[in-house]
Amino acid sequence: MDTQDSFTGALDSNLGLYDGDSTNLEARLAASDSMDVEPQTPSTSVRIHTTFGADEAEEPALDQEEDEEEDMDEDDLSLLVRAWVNERSSPEILEYEGATLENLMELVDFQTQKMATQQATLANILKMDVDRVKYLVRSYLRTRLAKIEEHARHYIKDTMYRERLSQNELEYAKGYVELEERHVRRSFLDQLPPHLRGLEDVAAEGLEMVSKPDLDAAVFCRVRTTVGEFQFEASEAPIVMRRNNIFITRYSIIRNLLEDGKVELI
Amino acid sequence: MLGDEAFRLAKEAKDIAADHIPAYNEEQVRLVTQETRYLWTRIEEMIASLNTAVANQQRSGSSQTQLGSSQPHGTPGQQQPSQSQAANTQQSAAQAEIENTNAQTALYFLTLNRNKRCLLAYHHRRAQFLRSLLWTLHLASSMIPASLSLRLSPEEQNYARDYARLNSNYRDAVENQLCPSDSLNWAADGELPPRDLFIEVRVVKDCGEIVTENGVVNLQAGTQHYLHRSDVEHLVTIGYLEHINPS
């Protein structure tokens, strides 16, 4: 905490700048189409905080290097890796990284063509690279499918979630719900009294048949761009969230920060 | 006892392990649906008798109670009006009877819903098992071993086929969209990232000849080969080949 005291002034001014920037960002996000949300290019605030970090004597050199690295324009691969990790750790389905996937597969195509003209050794290395990217894409899509299956009925009913799915995924979810329903209907539901055949009932105690993701699940998250003071629901005083800090918290609390790319799940 | 049959079903659903599934218990499912149907007719009877009882009561003690005759419909609640302090004994007996029936209807109704839940849970759990099995067989529903497919109900076999179709439709659509000229190697292992380009494999079951980039390889049982991972990965996944010394 003592380091913070000595830098309070700097921090405050940074925060001021930062607030202005964050509203900008929101406006930009709101304006752009949800599918084409570009990776957040390092904004002014990020650079300010890096210098702030560099000023600090206690900051180990390694961290600085990491900072620098992350401040650079993120390429599609690291974007996908981040989306993949986020997807695997978050309880609900996240935005589909359609543009990233398409860019990446174009690169793969390019690489595959290049492979034909290369020597065997080099071609093998390139092939390895391609294989790994494909693995990542596969795993990303598969993770999403698994999550869609879990709460398919809820996702296709809710407009917000529907927009997060790709066209193919939406069709998959609909097909899956249909399949599941047909299966239980034929297996036993059609033999029950007509009043009991519903699959979307809500019981008197508020117990619903349609399962929903548990937004209060615990997640680990790492701060990517310093957020500043952040009011956690459970704690009394606001907590300062600075770059590279790691928190364990309820998903619902950091949900918006995750959408804005200010934190990442780990 | 009430609800025992459904409990047995739920217990069986819980017994499903990662590599084991008990045979589809058609008999038990039938018992539960039967019980459910029986309880439902009982409820209907009770509601009917309740209605007549209420109507009688209203006729005898005209100004005494205001039991809406539409009240015990569908949701048998405990909404007995508190002002039902019957003046004469006959009426209080009738009142007790009504309360009795009300409570019984509520109990039956809860049991009905519980039965349905157990049935759903049973089928859901089995379907879940089937899905993960299909993923390991990379969606060839015909590859389900005979020992397992014997334990599935005809409905479940349909389900497996339809699920496989649904999934391969999705895969094709994605491949068309992302890489029309290439494949995403869906057959490869989805759990572990690829480490080596070449892998050493031992043939467990005869696969005949396969065509690789560098020529034709004859995969005879018992032989060992050093091959491109992507050429043989699908055979490893379904257990025809064994990966030796995975790092």
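**View 1. The annotated stretch of chain A.** For chain A, UniProt lists residues 128-185 as "domain: GINS subunit", in an unreviewed entry. The model you are looking at is predicted. In it, the stretch 128-185 of chain A is 93% helix and 0% strand, and its end C-alpha atoms lie 47 Å apart.

**View 2. The annotated stretch of chain B.** Chain B has an annotation of its own: the UniProt record, again an unreviewed entry, gives "domain: GINS subunit" for residues 102-172.

**View 3. An open sheet in chain A.** Now let us turn to some strands. Three of them form an open sheet in the order β4-β1-β5 of chain A, with antiparallel pairing. Which strands stand at the edges? They are β4 (246-250) and β5 (263-265) of chain A, and each has a single partner strand, so one side of each is left without a neighbour in the sheet. From one strand to the next, the twist averages 40 degrees. As a reminder, strands of a sheet pair through backbone hydrogen bonds, either parallel or antiparallel. Here, β1 (residues 218-223) and β4 of chain A run antiparallel and are joined by five bridges. To find a spot along this pair, look for Val219(A), which stands opposite Thr249(A) in β4(A).

**View 4. Helices on the sheet of chain A.** Helix α11 (residues 251-259) of chain A packs on the sheet and touches β1, β4 and β5 of chain A. The direction of α11(A) makes about 120 degrees with that of β4(A). Helix α5 (residues 76-89) of chain A lies across β1 and β5 of chain A, and runs at about 65 degrees to β5(A).

View 5. Helix α1 of chain B spans residues 4-14, and its buried residues are Glu5(B), Ala6(B), Leu9(B) and Ala13(B). Why do they share a side of α1(B)? They cover an arc of only 100 degrees around the axis, which puts them on the same side. The buried residues of α1(B) pack against α2 (26-60) and α3 (89-136) of chain B. On the face turned away from the buried side, you will find the exposed residues Asp4(B), Lys11(B) and Lys14(B).

**View 6. Where chain A meets chain B.** The contact takes 33 residues from chain A and 34 residues from chain B. On the side of chain A that touches chain B, the elements giving two or more residues are α6 (98-116), α7 (120-150) and α10 of chain A. Which of them gives the most? It is α7(A), with twelve residues.

**View 7. A helix pair across the contact.** Helix α10 (residues 167-187) of chain A and helix α5 (residues 154-178) of chain B have axes that come within 10 Å and cross at roughly 175 degrees. The helices α10(A) and α5(B) are therefore roughly antiparallel to each other. Residues of α10(A) that meet α5(B) include Tyr172(A), Tyr176(A), Leu179(A) and His183(A). On the α5(B) side, Tyr159(B), Tyr163(B), Leu166(B) and Tyr170(B) are among those taking part.

Definitions and conventions. Residues numbered from 1 in each chain as written. Chains lettered and ligands numbered in written order. Predicted model: local features only at pLDDT ≥ 70, side-chain atom pairs only at ≥ 80, totals over all residues. Buried ≥ 20, exposed ≤ 12 C-beta atoms within 10 Å, placed from the backbone. Helix = DSSP H or I, 4+ residues; strand = E, 2+ residues; numbered from the N terminus. Arc of directions from axis to C-beta. Contact = placed C-beta atoms within 7 Å. UniProt positions renumbered as here; feature names shortened; annotations may be inferred. Pairing = 2+ DSSP bridges. Axes fitted to C-alpha atoms, helices over the stretch in contact; angles between N-to-C directions. Parallel < 35°, antiparallel > 145°, perpendicular 65-115°, else oblique.
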